Amino acid sequence: MKTLYAYLFIWISMCTVSCDDWAPWTQWGTCSRTCDGGVTYRTRRCRKDSPMNRGCRADDVQYRACNMQECPGNVLDYRALQCSAFNKNPYSGEVLNWVPYHDSKNPCALYCQAEGHDVIHRLANHVVDGTKCRNDSKDMCIDGKCWNVGCDGILGSKKVLDRCGICEGNNSCMSRPTPKFTWSLSGYGECSSTCGVGYRRARPVCINRASGKRVRNKRCRSAERPKQQTRSCKLRDCKGNPMYKWVFGPWSNCSCAKKYSWRARRCVMFFSNSTQTYVSEKFCDTRTPVTKQLCDKTLCPVWHVGHWAPCSVTCGNGVQRRGVVCQHFGKEFCDLKSKPITLRSCNTSVLCFVQNDIQEVILGESDSSSIKRLPPLKSTERTGPRPRFVAREWQPCSVTCGRGRKWRYVTCQVYVPRIGKDTELPDKECKGLKPLNSSPCIIQECVEQFEYRVVGMTPCSRSCLGGVQETIVRCVSIHNGSTVDDNNCKDVHLVPVERRVCNDINCPQRWKVGDFGMCSVSCGGGIMHRDVECIQEFAVGFRNAIHLPDYMCEQPVPTRNRKCNSIDCHSEWLSGPWSKCSVTCGQGYRSRDVYCVKKNAGGNYINISSTLCDSNKHPMDVQKCNQTVCPEPKLRALEVQFFQMDKLKRVKLTIGMTATILPGTTVLIKCPTRGIQLQDIRWFKNGTTIRYSKRVKLTRKRFLKIRNAIPEKDSGIYSCKAGALQSSTPVSFSSVYDIFKATMLRQKYISGSQPMNLVARSISTKQMDPVSRKYSPLFLVKSDWSACSATCGGGLQSRNVSCEIITRDYFEVFPVRFCTKAGHSAPLLIQSCNTFPCLEWSLGNWSECAASECVRDKTALIKREVSCLSNDQVMNDTSHCETLGTIPPTEMECSNKDCKAVWIASKWTRCIGECETNGFKTRSLDCVWSKTRLSAGKECSSLQRPRTMKMCEMGSCSCTDESEYCSVVKMMKFCKFENFRRNCCVSCKKS
């Protein structure tokens, strides 16, 4: 045992030196979010010294909040972002869009609701660490648990806002009236410039003092709104001095109907590395270029007016004419209403006095051959500008020595006064010989001497983002610099080739033009398309480019679409739309027009002779349709009970309904049918054809109309018959008691105190009211449960349930399936009741009043068995029936004359005493019942007790040893006791 204690002491001592301990904490990890509250954590490892040890105590991971500032801009909610990750996953065979759903009992589980549906599903057991537990608090979920975040933004902090909106404040503002909402400056936004000095703005926002959350600005007082604040910022130094320029979009299209054209403008900062960024307009030149200009009307249609010709006569009154021509471009023409006049009257102020004098017509205005024509007036002719050749100055000679050539530009031009400048024309428009555009030139003779010379650089391997280029070395003439064969430079000193980096700048904007695709059609004029994008590359590699608006690249935009296959197509059949079917049911026919056409190069169809199309490919122009079986004739009866509770002028019923109405109500019964003609409908009352009158008649639609119904005349069963089909509507009249009973049962529904039992918001619980023809709510009217059929052991109880439309004037009873179909839960009509077990005492028969069961004088006991029954099963433990009360008695006294207690004496014993002296005899007494001799206990206490002892004489006694133990009596000195002296008489005398 001592050895065991020694080993235990050594083991405990060793544990104090080498037990488990914690390794140092790791560094804090990356924050789970960049803004709006994230979480970071660090861990530590338990260094176990022995597998027998129990490990380290305390936590092995620590969390803390981070990046608590608000996110700039319109950032998607973090929980909504996690729900949207499941949008592409099919759910029950359907792709749904998920939005967040907050579960108050388990806020850190990812519950999402299908947008537009009532489906709510738990898509993940835990949300991502750092997700807010609720939208209205800063508490966040970590490892599936909601951690408190105080108003100071610290994880686990218990600091809260006071009523004044101050973190851990003392409600000092409550001494004076303070508005609930106040202005606060938002966080400063991003820097306006990516390099150099820019600015950041903080805008005023309206917040709730209590919660600190942002609300609409109109809740704060506009007079107290502070001004926005601006701070300078600088992210990095710009390389080189930035240049600010206006960048413009394209001018909007002009038309002859529009007066102005517009264009967009932006102020852009350009850097030396060819990068650019948008900045505020204040950085660009204050002399803002125009963004609005008058449209150029030079290409609009215009009326050109000539000069008035001389008067048509030399004496008297005549007319003057002039030419008016519309000059147009494209499909726009001049307005005829604004066309200038071409004819006017004139007066020569010379009287015609000679008889038969003929007026001379000037410039041939008259068509009559008898009129004398005058020669044209050459002095009055107007000569316009004529095309001419215009030659520019000669360019320098192509060589610096020897023979070369020189060139100049020669073009055919004409001056256009209307636009005020020269316009080039084709050479054929100019008359005369065209001047030379080239000529030989001779410079001083060259002295042949050659050398290797760097004549340039090879093209850069890249136009931007850093390429490589090499020097180009050629053997050239020293005098004129012309390149000659390398054999002329055999003895010339070589020039080393240099290599250098080139175009180490950011790429400028450029057009990325793809190849034209396939033509949209094989003939008849189609379109080919290619992708044209304005891009700017920011790094070498595939997809390292940003896409820009078209106006940021060099204009004009390369053509994206081009016409193709502008040739006529072969003839083909063209079908028109099908006509309507000849019948609405059963087998019918429909037709369509079929043409033989040809598509021309312009894409238009032209009708041609049908002989030019392939007759074997002629489409069908007639086909069968509506091959459906016509519906069987049917009466659309409605199984609804109608009960009128208040006065109505008119009630519209449908055949099949059961109606209880008030006297004086006008009743209209319609008989809706399908596949039956109206004239085949007949009406009967109680099996007899109705005799129509002014009060009871048929409408044009064969509705039965009863005006001001009278109980004595109009009660009965109204039937609608059409051939073998028949349906009826019983009509009766309600009494005051019936109305009172129905109103009391439905009072809670009429008053509106009973809400509708809606299954979900998206499920309608309304039904078309056949009387009012409006959608009305359906109610489940339930009566009280009936009494249970059994008091225990399981019984049944029932109730009446009806599906009704209830108004203040009437109610209608529909089959219950209408309510269940509309969204109500299926009601129970029968239910179990009193299902607890039936407990009872089982009592046996009383036994006979026998003398063997005597308890006192002339009184005995009778007995019976008592057991606990549960559903007729005997229970071993009677405690199950304790709820029934006291256990019934199992014994009861009864009268029995044989129950008499007596003393019974035993025989007298022999005489006891010394020999030859007086002794005594004894006997025992027992109290027993006289008949059964069974013990009677103390029942004999009242009786005289017999004697139990009497005197007797002892005779002479013989001295003998009567016990086998007499040999030891003397040794044990027992002879002094009388009993031993009597039984061991001989042995005691010897002593």
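Gln320 counts as buried because its relative accessibility is 15%, where buried means under 20% relative accessible area, exposed over 50% and partly exposed in between, with a 1.4 Å probe and protein chains only. The model is predicted, and local features need pLDDT of at least 70, side-chain atom pairs count only at pLDDT 80 or more, and totals for chains, interfaces and linings use all residues.

**Around Gln320**
- Gln320 sits in strand S23, residues 317-321; strands (E, at least two residues) and helices (H or I, at least four) are DSSP runs, numbered from the N terminus.
- Leaving aside neighbours within four places in sequence, Gln320 is in contact with Trp308, Ala309, Pro310, Cys311, Thr342, Leu343, Arg344 and Cys346, contact meaning heavy atoms within 4.5 Å.

**Nonpolar cores**
- A nonpolar core is a set of buried Ala, Val, Leu, Ile, Met, Phe, Trp, Tyr and Cys residues joined through side-chain atoms within 4.5 Å.
- The largest such core has 34 residues, and those with the most contacts inside it are Phe642, Leu653, Ile661, Ile669 and Trp683.
- Strand S60 (residues 801-806) gives the largest share of this core, namely three residues.
- Apart from this core lies another of twelve residues, among them Met645, Ile739, Tyr749 and Ile750.

**The whole chain**
- The protein chain has nine helices and 72 strands, and 27% of its 991 residues count as buried.
- Among contacts between residues at least 6 apart in sequence, 58% join residues at least 24 apart.

Note on methods:
Residues are numbered from 1 along each chain as its sequence is written. Side-chain values use heavy atoms; hydrogens and water are left out.
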